[in-house]
Amino acid sequence: MKYTNKLAVRIVEMIEQDLCSISEICKSFKISRKTFYEWKKAKPEFGEAVEEAVEHREEVMIASARIGLKQLLEGYVQKKEKITYVPDKNNPVEDVEKCRVVEKKFCPPSIRAIKYVLDREERKKDKDQLQASARRPLVIEVQDEETKRQLMILQENGFRPGGSLDPEVVAAVDRKMEEERTNGHRSEAYVKVKSEELKVENEQEQVMKQMPVAQSSATLKERPLRYRNLLRGY
């Protein structure tokens, strides 16, 4: 069958109304699925119309699903009509309505629908929390200089093991750490460790000031080497 605008409109209408599948539509118009997709590709206006019809169909389906779900969550009234017909006295061929009985029944909320909505909301919260955690930067607080050095080696080596055995990686990390010391730019964790050590050192000095002179001198000689090195660096 040859492509025409009239045929294209009819196809689009059937797609939008969700009356048949693509295969059924093609069969009803005696065209193949291959021909349908060739038209869709070769005729931009037809392709756009098909996409719009599919999009509109999906929107209608979603709206209907939401209405149905709302009824299940809130409960709804089901109406049932019973109509009785009798032959028309004036025209026996026709029937006329004799009586109409309307029955109304309230359907309570569906427990399954409520559970579905609550479970969906819970999954959404878990997903949002996971995404928020993924957006937060990873912060590692180290307790000493050597731990920081090992972490920098791991990072320099692309987070692969064996970086401490690579002289180039180790040298690059040592250069970075030396630059930090030279420029006075230390990591937050490094400053935190040093601050704690200085605090301990100050407390020890306060204690020594309250001791006799001889005892204070002895204590100074016994002071750990790492504290004396620390004081030289500051």
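In this predicted model, ring pairs join Tyr3, Phe36, Tyr37, Trp39 and Phe46 into a cluster. The aromatic pairs come to a count of 4. A pair of aromatic rings is described by two things, the distance of the centres and the angle of the planes.

Take Tyr3 and Trp39. Their ring centres are 5.2 Å apart and their planes stand at 75°. Planes over 60 degrees apart count as edge-to-face, so the pair of Tyr3 and Trp39 is edge-to-face. This pair links distant parts of the chain, since Tyr3 is in the segment before helix H1 (5–16) and Trp39 is in helix H3 (residues 33–42). The two residues are 36 residues apart.

Are these two residues buried or exposed? A residue with under 20% relative accessible area counts as buried. Tyr3 has a relative accessible area of 16%, so Tyr3 is buried. Trp39 has a relative accessible area of 10%, so Trp39 is buried as well.

The next pair is Phe36 and Tyr37. The centres of their rings lie 5.0 Å apart, with the planes at 80°, so this pair is also edge-to-face. The accessibility of the two partners can be read with the cut-off already given. Phe36 is buried, because its relative accessible area is 2%. Tyr37 has 39% relative accessibility and therefore counts as partly exposed, a term for values between 20% and 50%.

Phe46 is another member of the cluster. Where does Phe46 lie? Its place is in helix H4 (residues 44–74). With a relative accessible area of 1%, Phe46 is buried. Which residues does Phe46 touch, leaving aside those up to four places away in sequence? They are Tyr3, Ala8, Ile11, Val12, Phe36, Trp39 and Lys40. Among them, Tyr3, Phe36 and Trp39 are also members of the ring cluster. Val12, another of the residues touched by Phe46, is 34 residues from Phe46 along the chain, and the C-alpha atoms of Phe46 and Val12 are separated by 8.3 Å.

The last stop is on the surface. Here Leu151, Leu154 and Phe159 form a nonpolar patch. Together these three residues have about 280 Å² of accessible area. Leu154 is placed in helix H6 (residues 145–156). At 34% relative accessibility, Leu154 counts as partly exposed.

Methods: Residues are numbered from 1 along each chain as its sequence is written. This is a predicted model: local features need pLDDT of at least 70, side-chain atom pairs count only at pLDDT 80 or more; totals for chains, interfaces and linings use all residues. Side-chain values use heavy atoms; hydrogens and water are left out. Rings of Phe, Tyr and Trp (its six-membered ring) pair if their centres lie within 6.5 Å; planes under 30 degrees apart count as stacked, over 60 as edge-to-face and the rest as tilted. Helices (H or I, at least four residues) and strands (E, at least two) are DSSP runs, numbered from the N terminus. Buried means under 20% relative accessible area, exposed over 50%, partly exposed in between (1.4 Å probe, protein chains only). Contact means heavy atoms within 4.5 Å. Patches are made of residues with over 30% relative accessible area and no salt bridge: like charges are joined within 9 Å, nonpolar side chains (Val, Leu, Ile, Met, Phe, Trp, Tyr) within 5 Å. Accessible areas come from the Shrake-Rupley method with a 1.4 Å probe; for residues, only the protein chains shown count as cover. A salt bridge is a side-chain nitrogen of Lys or Arg within 4 Å of a carboxyl oxygen of Asp or Glu.
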